[in-house]
Amino acid sequence: MSEPVAPVNLADKLSRFSELWSQKKVAVLNDYEVKLAKLKGEFVWHTHEDTDELFLVISGRLTIQLRGGDVVLEPGELFVVPRGVEHCPTADEETAILLFEPTGTLNTGDAGGPMTKAAELLG
């Protein structure tokens, strides 16, 4: 494997796409993918039975709806949704996030449906 030649600039990577709810892979760490996404509106309720899911807000404001109450994240804050916990991300304004998940984790978890998209490599 070749050595990296430059750091990943998150602002630059975010400027390269405008699609909402479409994860863009920007780095790999062992068996995990580091992904960026832009969100606005409500996603789908879903569960990841086999993995926790880390959300880090870069800009905007993210609400992670949980059956037991909402978690609201501001820029610079992160939250880990434990495996098996049903959740639904929502954002009233365009929000940029970083996700950290095992390679191959589906964005809609067990829910499937039309919003299911594989992460795309963002060079």
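Tutor: Start with a definition. Buried means under 20% relative accessible area, exposed means over 50%, and partly exposed lies in between, with a 1.4 Å probe and protein chains only. This is a predicted model, where local features need pLDDT of at least 70, side-chain atom pairs count only at pLDDT 80 or more, and totals for chains, interfaces and linings use all residues. Residues are numbered from 1 along each chain as its sequence is written, and side-chain values use heavy atoms, with hydrogens and water left out.

Student: Why is tryptophan 21 called buried?

Tutor: Its relative accessibility is 11%. The cut-off for buried is under 20%. So tryptophan 21 counts as buried.

Student: Where is tryptophan 21?

Tutor: In the loop between α1 (10–15) and β1 (24–29). Helices are DSSP runs of H or I with at least four residues, strands are runs of E with at least two, and both are numbered from the N terminus.

Student: What makes the phi of tryptophan 21 worth a look?

Tutor: Most residues other than glycine have a negative phi. Tryptophan 21 is not a glycine, yet its phi is positive, about 60°. Asparagine 30 also has a positive phi, near 55°, and is a residue other than glycine.

Student: How do you know whether asparagine 30 is buried or exposed?

Tutor: Its relative accessible area is 69%. Exposed means over 50%. Therefore asparagine 30 is exposed. It lies in the loop between β1 and β2 (32–42).

Student: What makes histidine 87 buried?

Tutor: Its relative accessibility is 1%. Buried needs a value under 20%, so histidine 87 counts as buried. Histidine 87 is found in strand β7 (residues 87–102).

Student: Why is the pairing of histidine 87 with glutamate 53 called a polar contact?

Tutor: A polar contact is a pair of N or O atoms within 3.5 Å; within protein, one must be able to donate a hydrogen and the other to accept it, and residues adjacent in sequence count only if both atoms are side-chain atoms. The two side chains make theirs at 2.8 Å. The backbone oxygen of valine 85 also lies 2.9 Å from a polar atom of the histidine 87 side chain.

Student: Which residues is histidine 87 in contact with, leaving aside neighbours within four places in sequence?

Tutor: Among them are Val44, Trp45, Phe55, Ile64 and Leu66. Contact means heavy atoms within 4.5 Å.

Student: How many helices and strands does the protein chain have?

Tutor: One helix and eight strands. Along the sequence, the pattern is α-β-β-β-β-β-β-β-β. Of its 123 residues, 40% count as buried.
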